[in-house]
Amino acid sequence: MTDADKLTLLKNVLDIATLDQDVLLTTLLSFASQKILDRAYPYNTVITVVPARYELKQIEIAVYLYNKRGAEGQTAHNENGINRTYESADVPESLMRGIIPFIGIPTGVVV
């Protein structure tokens, strides 16, 4: 899936038809990408592309980040019968749970 495809899918999920939020949405996709790469490859900074198996997860995380804007770090909020609580100030573990860290032998290490 190309970056343009991801942006289009993200806009469809968020029901955004205009171009005025493309910069923000692209940035959120980048943040989501980095979260996935940090989890999947914690000791490898060379890999910079989200594996195909996690592309929809990238969009899910971007949606979460978009919806959380303006309430970053919120742990509870009650107003007129509306209750909001976030698992953490970061992307919740429930979204990150399916991302499996890559395990391998670091190159250049003598055993």
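## Briefing on contacts, burial and salt bridges

Among contacts in the protein between residues at least 6 apart in sequence, 58% join residues at least 24 apart. The model is predicted, and the values that follow are computed from it. The protein holds four helices and two strands, and from the N terminus on these elements follow the order α-α-α-β-β-α.

**Surface and burial**

- Of the 111 residues that make up the protein, 34% count as buried.
- The protein exposes about 7700 Å², and 56% of that area is supplied by carbon and sulfur atoms.

**Ser33 in helix H2**

- Ser33 lies in helix H2, which spans residues 22–40, and its relative accessible area is 12%, so Ser33 counts as buried, the cut-off being under 20%.
- When residues up to four places away in sequence are left out, Ser33 touches Val50 and Gln58.

**Salt bridge between Lys11 and Asp22**

- The count of salt bridges in the model comes to two, and one of them joins Lys11 to Asp22, with the closest N and O atoms 2.8 Å apart.
- Because Lys11 lies in helix H1 (residues 3–14) and Asp22 in helix H2, the pair ties together parts of the chain that are 11 residues apart in sequence.
- Both partners of this pair, Lys11 and Asp22, are buried.

**Salt bridge between Glu93 and Arg39**

- The side chains of Glu93 and Arg39 also meet in a salt bridge, for which the N to O distance is 2.9 Å.
- This pair links distant parts of the chain, since Glu93 belongs to helix H4 (residues 93–96) and Arg39 to helix H2, and the two residues are 54 apart.
- Glu93 has a relative accessibility of 37% and Arg39 a relative accessible area of 25%; partly exposed covers values between the 20% below which a residue is buried and the 50% above which it is exposed, so Glu93 is classed as partly exposed, and so is Arg39.

**Reading the pairs through helix H2**

- Side chains of opposite charge can pair when their charged atoms come close.
- Helix H2 supplies Asp22 to the pair with Lys11 of helix H1, and it supplies Arg39 to the pair with Glu93 of helix H4.
- With regard to accessibility, Lys11 and Asp22 are buried, whereas Glu93 is partly exposed and Arg39 is likewise partly exposed.
- Helix H2 also contains Ser33, a buried residue that touches Val50 and Gln58.

Note on methods:
Residues are numbered from 1 along each chain as its sequence is written. This is a predicted model: local features need pLDDT of at least 70, side-chain atom pairs count only at pLDDT 80 or more; totals for chains, interfaces and linings use all residues. Side-chain values use heavy atoms; hydrogens and water are left out. Buried means under 20% relative accessible area, exposed over 50%, partly exposed in between (1.4 Å probe, protein chains only). Contact means heavy atoms within 4.5 Å. A salt bridge is a side-chain nitrogen of Lys or Arg within 4 Å of a carboxyl oxygen of Asp or Glu. Accessible areas come from the Shrake-Rupley method with a 1.4 Å probe; for residues, only the protein chains shown count as cover.
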